[in-house]
Amino acid sequence: MDNIPAIETHELRKVFGERAAVKGLTLQVEQGEAFGFLGPNGAGKTTSMKMLLGLIAPTSGSASMLGSPIGDRAALKHIGFLPEHFRFQEWLTANEFLELHGHLYGMDSNELKARISELLERVGLTDFRDKLLRTFSKGMLQRIGLAQALLNHPKLVFLDEPTSGLDPVGRRLVRDIIHELRDEGTSVFLNSHLLSEIEVTCDRVAFIRHGEVARVLELASLDTNQSDVLIRAGGLTEEVTSGLAKWGKNIQANGETVNLTISAESALPEITRYLVAKGVEVYAITPQRVSLEDIFIETVGKDGSL
Amino acid sequence: MNSIWTITRMTFREAIRRRIVLTGLILGLCFIIIYAIGFHFIYISFRGVESTMQNAPSQQALAHIADTEGINALLLAGLYAVTFLSIAMAALLAADTLAGEINSGTIQTIVTKPIRRSDVVIGKWLGFAFLLLLYFLLMAGGTVLSVFFQSGYAPRNLLAGMALIYFEDLLVMSISMACSSFLSALATGGVVFGLYGLAFIGGWIEQFGAMIQNSTAVKVGIVASLVMPSESLWRRAAFEMQTPLAGALNMSPFGTISVPSPLMVGYTAAYLLVTMMLAIRVFEKRDL
Ligand SMILES: Nc1ncnc2c1ncn2[C@@H]1O[C@H](COP(=O)(O)OP(=O)(O)OP(=O)(O)O)[C@@H](O)[C@H]1O
Ligand SMILES: [Mg+2]
């Protein structure tokens, strides 16, 4: 079981009329991994997710979840899903709504009862247990939808922009829940436009553009790989600046500041010693981490065309 | 099996929470009260006519026959209205069910559970069938009882007649649900009432055709009944419940001249089954 990927897709494709929303999606998500799925509006993220969940039939290609072909009921038993447009049976109370979905998972009543209390507490809706969903705000609906996606202790959770309606506290909550899930070995497949959030929750991300994977990236590599450093100092001469080439490249001097790209963090103390030895007055040496946003824009282009 | 039952209960609860049951109940009671009062006054005037003929026993017997015919016609008129109202209920209940859930997206968290999509369709169908049964029993039962308690009259073959009318409700509900699996609620309503109108007109063409013995008109009517067999169920029901005399003389306005055969009932059952199978198939294949 452990070696089976949580999600595996091969050339998954969906054409709506003339237009291909997803053209040949091939990717693999390991069990226990939090995987971010990024891309501009209309890139085909939701469509891909719906194909995996069996909501939309692929035009061609294949995919499996937890080792079963898509739409397989045995796999769906271990899957949780929070849709993008979280609209629920508004004539049910929070408790009844969770009961309904628990029953659909085939959970027995006693187990369900305890789980519902636990999850209502987790998403902060215990006081609204017996209120009709009709009276819920957008963020409250998203919270109850999240609880719904976790009812069955899933092995794989699909979250389509789970924080789009949430306040900062709610966003933190979702982030914490994703961390907890990962700690429990649950795989998370996350669509989101909030890159800072993805950055702190995901192990890997795929950038998709026009329905294709443009790039897959290990987020851990963002920290350890090469990064930019900004040096602010007085008395920088051209000679001193060019001497920095020993530790980094792309050196750009601009008055009191120098920007360069170093290949390892270990270069920082050496650079400091070097500058001090040269009699330069160092005010600051700041590592400029490449943000996910930079990579996003670099990968999908900043023209904003869809 | 369990998931079907879960969906059925959900359907039922939805009907209660969205006040569909309540409005149905109130309107149904209004209908019965008005019908019962109307029947009361007409029936009194019947009795009045009968009592003026008291002296001659032969006249009295004749009056009694006329009486029975009148009451039966009134009862069938009432049941005809009940048929129409329960059909409207059937069409409206089911029109928004799949279309509405697909449109709003509430269906997405349901069908991604470890259940079959067909469970959703069957579960909802059972829920509506039960709701319609309650509604129909209230309306038709109220009509029949308000006649029975005031006059002591009950039509023959009452159970068969009632079963046929309820069957007609199920048919319309199934068609409405099937359309709802691929059309919007509004379009579904249009199609269902369009079909109902077709069957209605077809039925009358067949009746008149039979009366003037024009076999082409009868055939047109039959074709219409094959396309949409709802009206022929009503005519079979009316045939079962009309008085033997009215049947023999072809004189009751709600009775029937060209009688749909029991084969037609079998055809309708097959029609309903195929409709639901198509509904399930379409719903299973479509993107949600
Ligand atoms: N049911 C549909 N019929 C026709 N076209 C569709 C349908 N659903 C999606 N599309 C098209 O497919 C493309 C991908 O849509 P999708 O919803 O997957 O994008 P997304 O990446 O989730 O975007 P967003 O970030 O805005 O949520 C879009 O061009 C959209 O117009
Ligand atoms: Mg989307």
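In the predicted model, four strands of chain A form an open sheet in the order 12-13-11-14, with antiparallel pairing. Strands (E, at least two residues) and helices (H or I, at least four) are DSSP runs, numbered from the N terminus. Two strands pair if DSSP finds at least two bridges between them. Strand 12 (248–254) and strand 14 (281–288) of chain A are the edge strands, and each pairs on one side only. From one strand to the next, the twist averages 15 degrees. Axes here are lines fitted to C-alpha atoms, for helices over the stretch in contact, and angles run from 0 to 180 degrees between N-to-C directions.

Within this sheet, strand 11 (residues 227–234) and strand 13 (residues 257–262) of chain A run antiparallel and are joined by six bridges. A:Val229 has A:Leu260 of strand 13 as its bridge partner. Helix 10 (residues 267–277) of chain A packs on the sheet and touches strand 11, strand 13 and strand 14 of chain A. Contact means heavy atoms within 4.5 Å. The direction of helix 10 makes about 160 degrees with that of strand 14 of chain A.

Six strands of chain A form an open sheet in the order 6-7-8-3-9-10, and here the pairing is mixed. Strand 6 (79–82) and strand 10 (212–218) of chain A each have a single partner strand, so one side of each lacks a neighbour in the sheet. Neighbouring strands are turned by 15 degrees against each other on average, direction ignored. Strand 3 (residues 34–38) and strand 8 (residues 187–191) of chain A pair in the parallel sense over four bridges. The bridge partner of A:Phe37 in strand 8 is A:Asn191.

Two helices of chain A are described against this sheet. Helix 6 (residues 168–183) lies across strand 3, strand 7 (156–160) and strand 8, at about 150 degrees to strand 8. Helix 11 (residues 292–300) lies across strand 3, strand 9 (204–209) and strand 10, at about 30 degrees to strand 9.

The largest pocket holds about 480 Å³ of space. On a 1 Å grid over the protein atoms alone, a pocket is an open set of points where a 1.4 Å probe fits, with protein on both sides within 12 Å along at least five of seven lines; lining residues have an atom within 4 Å of a point. Of its 24 lining residues, A:Trp91, B:Glu14, B:Arg18, B:Asp96 and B:Glu101 are the closest to its centre. Helix 4 of chain B gives the most to the lining, with four residues.

Residues are numbered from 1 along each chain as written, and chains are lettered from A and ligands numbered from 1 in written order. Local features need pLDDT of at least 70, side-chain atom pairs count only at pLDDT 80 or more, and totals for chains, interfaces and linings use all residues, while side-chain values use heavy atoms, without hydrogens or water.

Conventions: Grid points are joined across faces, edges and corners, and a volume is the space filled by probe spheres set on the points.
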